[in-house]
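Please read the briefing below alongside the sequence and the model.

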Amino acid sequence: MPSIRFGKRSIKLPDSRLLRVGLGGTFIAGGLFSFLPVLGIWMLPVGLIILSHDFPRIRRFRRQWEVKISRRWARFRGRSTAANSRAA
């Protein structure tokens with residue numbers, strides 16, 4: 001069964017490919033209406049993550065994005081710990 005992991009949490013997706021594509025498309029469409037109160041720009045990446053389970057191009061884009069974010073996060077964490085050790 002496909003699922004999305006956010007850190008230690010896992011959210012199950014529908015088994016049907018058609019439902020996953022519809023759900024991902026709905027999230028992306030909701031993200032385009034981010035000026036409305038409940039809908040927001042946060043819906044775009046969630047929709048892309050859902051669609052990445054079924055479309056190789058989106059999956060490739062998501063993996064590249066994950067690598068960039070994790071490298072930046074590691075660099076940020078490395079700098080902040082080095083700055084803290086110098087201050088002490």
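Arginine 20 is buried, at 8% relative accessibility, where buried means under 20% relative accessible area, exposed over 50% and partly exposed in between, with a 1.4 Å probe and protein chains only. This is a predicted model, in which local features need pLDDT of at least 70 and side-chain atom pairs count only at pLDDT 80 or more, whereas totals for chains, interfaces and linings use all residues. Residues are numbered from 1 along each chain as its sequence is written, and side-chain values use heavy atoms, with hydrogens and water left out.

**Salt bridges**

- The structure holds three salt bridges, each defined as a side-chain nitrogen of Lys or Arg within 4 Å of a carboxyl oxygen of Asp or Glu.
- Arginine 20 pairs with aspartate 54, with the closest N and O atoms 2.8 Å apart; because arginine 20 lies in helix α1 and aspartate 54 in the loop between α2 and α3, the pair ties together parts that are 34 residues apart in sequence. Helices here are DSSP runs (H or I, at least four residues), as are strands (E, at least two), numbered from the N terminus.
- Aspartate 54, which is buried with a relative accessible area of 12%, also forms a salt bridge with arginine 17, the closest N and O atoms being 3.9 Å apart.
- Arginine 17 is partly exposed at 44% relative accessibility.
- In helix α3, arginine 62 and glutamate 66 are four residues apart, and therefore separated by about one helical turn; the closest N and O atoms of their salt bridge are 2.6 Å apart.
- Shared partners join the salt bridges of Arg17, Arg20 and Asp54 into one network.

**Aromatic pairs**

- Three aromatic pairs are found in a search of the whole structure, counting rings of Phe, Tyr and Trp (its six-membered ring) with centres within 6.5 Å, and calling planes under 30 degrees apart stacked, over 60 edge-to-face and the rest tilted.
- Phenylalanine 27 and tryptophan 42 form an edge-to-face pair, at 6.1 Å centre to centre and 70° between the planes.
- This pair links phenylalanine 27 in helix α1 (residues 17-32) to tryptophan 42 in the loop between α1 and α2 (43-51), 15 residues apart.
- Tryptophan 42 is partly exposed, at 48% relative accessibility.
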